[in-house]
Structures are given as structure tokens and as C-alpha cells.
Amino acid sequence: MLSVNDLVLLGVGIGVKLLLWPAYHSTDFEVHRNWLALTHSLPVDKWYFENRSEWTLDYPPFFAWFEWALSHLAYMWDPRIVDIDNLEYSALTCVMFQRLSVVVSELVLFAALMRFAKVSGGSVQARVAAFLGFLSPGFLFVDHVHFQYNGFLFGILVYSLVFALEGHDLLAGVTFAALLCFKHIFMYIAPAYFFYLLLHYCVVYRQRGAGGLDLGASVLRLLKLGSCVMLVSGIAFGPFVAMGQIPQLVSRLFPFKRGLCHAYWAPNFWALYSFADRALIIGSRLAPNLFPALRPNAALESSTRGLVGDSSFAVLPDVTPAATFIATLVAQIPACALLVFRQRTPTRLIQAVVLCAFASFLFGWHVHEKAVILILAPLGLLVATPTKRMLRMFAVLSISGYYSLLPLLFGAQELPIKAAIMLIWSLSALGLLKSSSVPAWRCLTALEKTYISGHGVLFLLTEISPSCLFGQMQFLPLVLVSVYTALGILYSWLGMIYELLAAEWA
């Protein structure tokens with residue numbers, strides 16, 4: 001049952017999101033409108049082949065069916081929304097419907113977070129963590145301005161984790177399997193679920209008499225879990241298997257022809273790697289005897305070389321998809337070790353999910369800046385009862401991670417909006433989240449306080465300063481944001497590993 005305070009905060013949250021309706025929306029708005037149109041207008045066997053728009057369907061089947069369900073409501077609202085030939089349609093009725101669909105679908109996240117707060121004992125800290133998650137800049141920027149349905153999808157993830165906290169491991173696994181059929185980016189955190197469910201749910205030990213593994217019960221649970229996951233997968237992909245369309249579907253879901261870095265560098269290890277390559281190019285020109293020689297085929301004359309899709313470097317070795325895959329797997333070892341060598345509890349699952357998300361964001365191929373939410377959403381659950389170091393890492397990560405999303409909102413009218421949202425949320429998190437009654441800001445070291453405060457200087461330099469300041473290097477503000485926030489994210493990842501592994505074993 002929701003309290004009066006819960007209802008008031010829900011109302012405030014919805015009100016803020018409704019006020020963002022007139023703001024800019026990205027090409028993702030047309031992406032989802034086109035998906036409404038194609039799922040409504042075409043038979044299922046044409047969904048993953050339709051290409052009259054460049055925004056082809058590239059999400060798994062459950063999300064396609066989600067769009068199909070919305071398309072019937074859209075047809076009643078404004079039939080022109082689902083006209084497959086009505087490309088780039090953005091009339092007021094269309095904007096209202098799509099914005100409203102995001103607000104309503106995000107109630108799944110609100111309900112999941114309220115259930116989490118209840119499972120966590122209903123403490124003030126748990127409710128603060130829940131509302132900070134519901135009103136996070138990540139969802140406000142990416143869903144309610146830029147335009148996506150992340151709140152809905154992460155609501156399913158939170159439900160899965162809450163089911164685990166409640167002791168319903170099988171339901172947690174089935175919910176996560178369904179989530180994978182909505183959006184495949186969640187595959188990055190699948191190793192955490194695999195080891196947790198295998199070792200915590202499937203492996204059963206005898207309670208009485210002779211100890212040891214109960215092989216029969218373990219096999220039975222493994223078969224039960226496997227059957228449920230296969231059932232969910234069969235419902236999602238079975239029709240496409242029957243139509244012989246799996247190769248086409250796979251080609252849509254995994255477009256490896258894209259480059260290492262997105263057009264705007266996600267603030268990860270590869271952003272620092274790309275920046276280092278660029279710095280070495282400049283260094284090679286200024287002091288050729290001190291730096292490695294440039295490759296003769298390097299596209300050195302372009303100020304955006306390596307930034308808009310290609311993954312060719314002038315000085316440092318080129319990076320292949322296989323290399324990023326291996327790096328990601330290696331970086332996920334701490335998450336797996338946490339579940340294999342430590343006591344397996346639902347909280348450990350959340351911690352392992354966070355570490356897996358860190359690894360995929362920092363070392364994955366063609367990572368989008370928006371993927372930082374994959375780390376922040378589950379990490380927000382851990383600050384309901386944090387240690388001081390955990391709270392410090394959350395503070396550094398959340399502010400640097402959410403700040404890295406600001407370039408998505410590049411319009412002049414969005415400048416005061418994103419500044420206000422970022423400032424209010426940051427101050428609320430630093431003041432309201434506590435460890436042993438000590439606010440987050442007071443838990444930070446001097447270095448961490450200086451780094452967080454540096455975002456203010458970065459904002460003045462990259463958002464307020466006139467563009468003429470950068471001359472022909474108009475991409476430089478984005479580079480500065482990517483590199484500066486990448487340092488904070490990398491620092492928080494190392495701090496989390498120490499907190500969850502090294503500190504406990506020391």
C-alpha cells in the first residue's frame with residue numbers, strides 16, 4: 001500500500017515528466033513511431049525485413065510485440081501514427097501519444113522500486129534510494145527528452161532482482177529471461193544470473209543425515225529452470241524459428257559492422273584509448289623523435305578521425321570486436337568470483353550484476369553512452385544499506401555517469417532544464433543518502449570532492465563557453481566530457497572491485 005508521501009512523490013515525478021513534453025526529441029522518436037507503424041501494418045513475417053525507413057526493427061521479439069500492443073492504442077488516438085508510409089510524422093497528437101506511453105510504461109519501474117523499498121524494510125534510506133532511482137537524470141534525459149523506454153525495461157530488471165531478494169529464484173530467472181527477449185543489451189549481465197541461479201538455486205545440499213550434494217534434487221531444479229527459460233525463449237523466438245528467419249533476426253540484433261566507438265564517445269576505456277591515440281598523433285608532430293611513428297594510411301587530416309564509426313588508430317594498435325569481447329570477459333571475472341567464492345545471497349547477485357554491467361560498459365564494442373544506466377540502475381539498489389566506500393563509489397559514478405548524458409540534450413532551450421535536473425538530483429543524492437548516518441558528501445575523500453566539483457568547471461567550459469572558443473575543433477567539448485567522465489567511471493569500477501572483493505578478503 002502506498003503512503004501519502006509515496007503518492008505525492010509519484011505525482012511530482014509524473015508532473016516533471018509531463019513538463020518535459022515540449023522538449024527536443026531525438027531520431028529515436030521516429031524509430032519507435034516507425035516500429036509502431038510496421039508492427040501494426042505488416043504481418044509478423046515481414047517485421048524484421050521491412051526497410052523502407054532507415055530505422056529498421058532491431059530489438060528482440062517481445063519488444064516488437066510491445067510496440068504492436070501500443071500500435072493499437074496509437075491507431076485509436078491518431079491513425080496517421082501507424083501509417084507505414086507516413087515517415088517522420090511528428091504532429092502534436094503523435095508527440096503526446098508517444099510521450100504519454102513512456103510515462104505510463106515507466107510505472108512498471110515505480111512499482112518495482114516500491115516493492116524493493118518494502119522488501120528492504122521500508123526504511124527511509126530505502127525509500128530515498130527508490131525515489132532517486134525513479135527520478136534519476138538518466139531516465140529523465142534519455143526517456144522523457146531524448147526518447148526511449150528504458151524505465152519500463154529497467155522496471156522489469158528491478159522486479160527480477162526483487163524476486164531474488166524475496167527468495168523466489170525461479171521467478172527471478174524467468175523474469176530475466178523475458179527481459180532478454182525485450183532488449184538484448186541485458187545479455188551483458190547474464191553471467192551474474194547464470195552463476196547465481198546455478199549455484200544458489202540449482203545446487204541443492206542434503207539437510208539431514210549425510211551431507212553433500214543432493215544430485216537428484218539438483219538435477220530436478222536444473223531441469224525446471226532450463227524448461228522455464230526455454231519456454232520463455234520459445235514463445236519469443238519460436239515463430240521466427242518456424243519461419244526460418246533466425247539468421248535475419250540475428251543480423252538485425254547484432255550489427256557488428258559498426259565501429260569501436262559511437263559517434264559521441266561513451267565514457268569508457270576505449271574513449272581514453274582513442275584520446276591517447278589522438279594525443280600521440282599531436283605528440284608525433286611536435287616531437288617526432290619521442291613518439292611512435294604514424295601509420296602511413298592514417299586519416300590524420302580529419303579532426304573527427306576515429307570518432308564516427310571507424311576503429312582505425314594512427315599510433316596505438318587497432319582494436320577488433322574479438323579483442324573487446326575478450327576484454328569484457330576478463331573484466332567480468334570479479335563478478336563471477338564474487339558468486340563462486342563468496343557466500344551467494346540475493347545482495348551478491350545485485351553486486352555481481354553491477355560488476356558485469358561495469359565490464360560491458362567499459363570494454364564493450366560500440367557502447368552507447370546511454371548504457372551507463374545499466375550500471376546505475378542496479379547500483380542504486382545497493383545504496384539502501386551502503387558502506388561508506390560503496391556510497392562514495394556511487395556518488396562518483398552517478399554524477400559522472402549522468403553528466404556524460406548531457407550532450408544528448410544539445411538544444412539551447414534544454415540547457416537550463418538539464419542543468420537544473422542534474423544539480424537538484426546531485427545535491428539530493430549527496431545530502432539524503434547516508435552511511436551510518438553520515439551523508440554521502442561527508443563520506444567522500446578530498447580527491448573525490450574535487451573531482452565531483454570539477455563537473456561545474458566542465459559545464460562552464462563545454463556548455464556555456466561560446467563555440468568559437470574551440471575554433472575548428474568543434475568536437476573538443478564532447479571529447480572533454482567523455483574523457484573527464486570516463487576517469488570517474490573507471491575510478492568507481494576499481495573502487496567497487498576493491499569494496500566487494502579485496503576489502504572483504506584482506
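Hi everyone, let's start with a pair of helices: H10 passes H16 in a right-handed crossing, meaning that the near helix is turned clockwise from the far one by less than a right angle. Helices here are DSSP runs of H or I with at least four residues, strands are E runs of at least two, and both are numbered from the N terminus.

A quick word on the source: this is a predicted model, where local features need pLDDT of at least 70, side-chain atom pairs count only at pLDDT 80 or more, and totals for chains, interfaces and linings use all residues. Residues are numbered from 1 along each chain as its sequence is written, and side-chain values use heavy atoms, with hydrogens and water left out.

Back to our pair. H10 covers residues 190-202 and H16 covers 346-363; they pack at about 155°, with axes 8 Å apart. H10 and H16 are therefore roughly antiparallel, the word for angles over 145 degrees.

Who touches whom, with contact meaning heavy atoms within 4.5 Å? From H10 come Pro 191, Ala 192, Tyr 193 and Tyr 196, and from H16 come Pro 346, Leu 349, Ala 352, Val 353 and Cys 356.

Now for two loops. Most residues other than glycine have a negative phi. Phe 147, not a glycine, has a positive phi of about 100°. You'll find Phe 147 in the loop between helix H7 (137-146) and helix H8 (150-165). Ser 436 also has a positive phi, near 55°, and sits between strand E1 (434-435) and strand E2 (438-439).

Are they buried (under 20% relative accessible area) or exposed (over 50%)? Phe 147 is buried, at 0%, while Ser 436 is exposed, at 65%.

Conventions:
Axes are lines fitted to C-alpha atoms, for helices over the stretch in contact, and angles run from 0 to 180 degrees between N-to-C directions. Angles under 35 degrees count as roughly parallel, over 145 as roughly antiparallel, 65 to 115 as roughly perpendicular and the rest as oblique. Contact means heavy atoms within 4.5 Å. Buried means under 20% relative accessible area, exposed over 50%, partly exposed in between (1.4 Å probe, protein chains only).
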